[in-house]
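Please look over the sequence and the structure shown here before reading on.

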Amino acid sequence: MQNSLTRNFLNVTLLSFALTFLYFSYSNNGFLAANNYWYKTFEASSEQLVLDGILNGGDRPTLGRFSRPSIVRQDLETHKLFEDANKEGKFKVYTSQYGFQVQMFNHLRNMGFENVNHLKSLTAFLMAVVVLGLTITIWRDFSARSALVFYIVFLISPWVISFSSNLYWIPFSWFLPLLLTSIFSPKIYKNIRFYYFLLALLFLSFLFKFLSGYEYITTIVLASITPIVYHGLKLKKAYWSILLLCGGVFIISLISFVASILIHAKSLDLIYEKSLDSSSLSGLQIIENIAKSRLSSNYIFDKSLVEMCGIDQDCLAKNQAIHPSLELNSTKLESKNSIKTTVKYFFNGKFLPWTSIISFNEQEKELIKLARDEIKNNLSFDLIFNLEMSLLAKLGLYLSGILLSTIFFITIILMCLSLWRTAPIYLLIPLLITFIAPLSWFFLAEGHSYAHYHLNY
């Protein structure tokens with residue numbers, strides 16, 4: 001009895017420390033694993049959509065931002081503008097999603113969470129809880145060593161840290177369905193009631209995610225079935241029974257998606273009914289146009305109707321590069337290849353998060369192009385060595401990101417090939433699903449992926 005109490009005390013203590021470290025890392029980049037400037041400014045423009053939506057208020061706060069014509073770079077002052085209750089200019093609604101997170105944080109603000117840092121700390125804490133939950137299930141299903149590796153990766157990953165407390169992205173919602181299936185998958189093959197309970201929870205978690213943004217939904221749904229496949233194969237269940245259970249998850253995700261679309265469309269109809277500059281398009285038509293721009297980079301729509309990029313300056317710059325004018329509706333552009341868009345993510349300078357803040361002006365791009373052509377045509381490095389040291393340093397950092405991402409990709413492929421002949425099928429098939437899951441968004445949401453290399457990586 002005493003040994004059991006001691007063991008429980010040690011487990012609780014260990015989990016408490018693990019949760020504290022995760023929260024410390026996510027809430028303020030406590031271990032400095034991410035570039036601190038990048039961490040503080042990462043996706044501030046997206047977060048402003050939430051904070052300005054709260055400031056705008058009303059019966060049902062929505063995503064959007066105030067024009068504030070006197071301020072050139074609002075994204076650098078997002079939190080201060082909120083704390084000062086700056087509502088200068090006209091408020092423009094962001095129509096690309098329902099924006100449930102605005103209503104959630106507005107409700108919390110009314111409960112006393114008035115400071116931005118309080119809201120961000122709560123978001124970071126929820127992310128830490130979800131990651132710790134996944135760590136525990138990995139420990140249960142695999143080993144302490146596997147759980148430790150997973151924990152460390154999520155503790156110090158610069159990309160995870162920078163997303164973790166963002167009020168727009170609320171990344172804990174991405175991993176919540178996976179956590180639910182990880183918890184219940186061993187039980188659903190023993191008692192069907194657990195499966196029905198899991199489906200109910202998944203419906204709510206999917207709906208919460210979809211109402212807070214449609215980004216990465218294919219990845220999230222595919223990832224959520226992985227534990228079901230793993231445990232089914234390990235228990236040597238019939239393939240048809242595993243497929244049946246996975247099919248139920250897909251159906252629930254589809255129902256959640258349709259429900260979120262209808263709720264989103266209804267909210268757009270209400271917004272434009274009250275607006276003086278109402279659009280002739282219905283809510284469903286607006287969502288359809290947004291979906292087309294997400295799914296294909298062949299089409300870019302009028303910014304007044306489709307805010308594919310919101311106030312994301314890098315995304316807007318990418319779209320301007322695709323087509324210099326966005327004045328025409330449904331303009332057919334040069335065809336892009338989904339496979340090329342996807343493959344580029346494997347050899348990308350954004351592999352290192354620090355390279356995301358690197359940008360080259362037009363003059364620098366032209367100098368780099370001339371130097372590249374000189375190397376290619378004449379095998380001469382003279383132009384490269386004549387570049388300014390600051391430009392060489394930026395170029396070197398960017399190229400190091402591409403080099404490391406290439407090494408990482410090749411390493412992963414070699415590891416998978418080495419496992420292919422030796423690993424049991426209950427590991428191989430889930431491994432394949434986990435590889436396909438992130439690729440699904442890059443491939444299917446080609447338009448979004450093409451315009452968001454700086455973000456989706």
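## Cysteines

In this predicted model, Cys416 has a relative accessibility of 24% and therefore counts as partly exposed, since the partly exposed class lies between the buried limit of 20% and the exposed limit of 50%. Cys246, by contrast, is given a relative accessibility of 5%, so that Cys246 counts as buried.

As for links between cysteine sulfur atoms, the structure holds zero disulfides.

## Helices H3 and H5

Two packed helices are described by the angle between their axes and the distance between the axes. Helix H3, covering residues 44–56, and helix H5, covering residues 100–110, have axes that come within 9 Å and cross at roughly 55°, which means that H3 lies oblique to H5. The crossing of these two helices, H3 and H5, is right-handed.

On the H3 side the contact is made by Val50, Gly53 and Ile54, which meet Gln101, Val102, Phe105, Asn106 and Arg109 on the H5 side.

## Thr137 in helix H6

Thr137 belongs to helix H6, which spans residues 116–141. Is Thr137 buried or exposed? With a relative accessible area of 6%, Thr137 is buried, because the buried class takes in values under 20%.

When residues up to four places away in sequence are not counted, Thr137 touches Ser182 and Ile183.

Conventions: Residues numbered from 1 in each chain as written. Predicted model: local features only at pLDDT ≥ 70, side-chain atom pairs only at ≥ 80, totals over all residues. Heavy atoms only, no water. Axes fitted to C-alpha atoms, helices over the stretch in contact; angles between N-to-C directions. Helix = DSSP H or I, 4+ residues; strand = E, 2+ residues; numbered from the N terminus. Parallel < 35°, antiparallel > 145°, perpendicular 65-115°, else oblique. Left-handed = near helix turned anticlockwise from the far one by under 90°. Contact = heavy atoms within 4.5 Å. Disulfide = S-S within 2.5 Å. Buried < 20%, exposed > 50% of the residue type's maximum accessible area, 1.4 Å probe, protein only.
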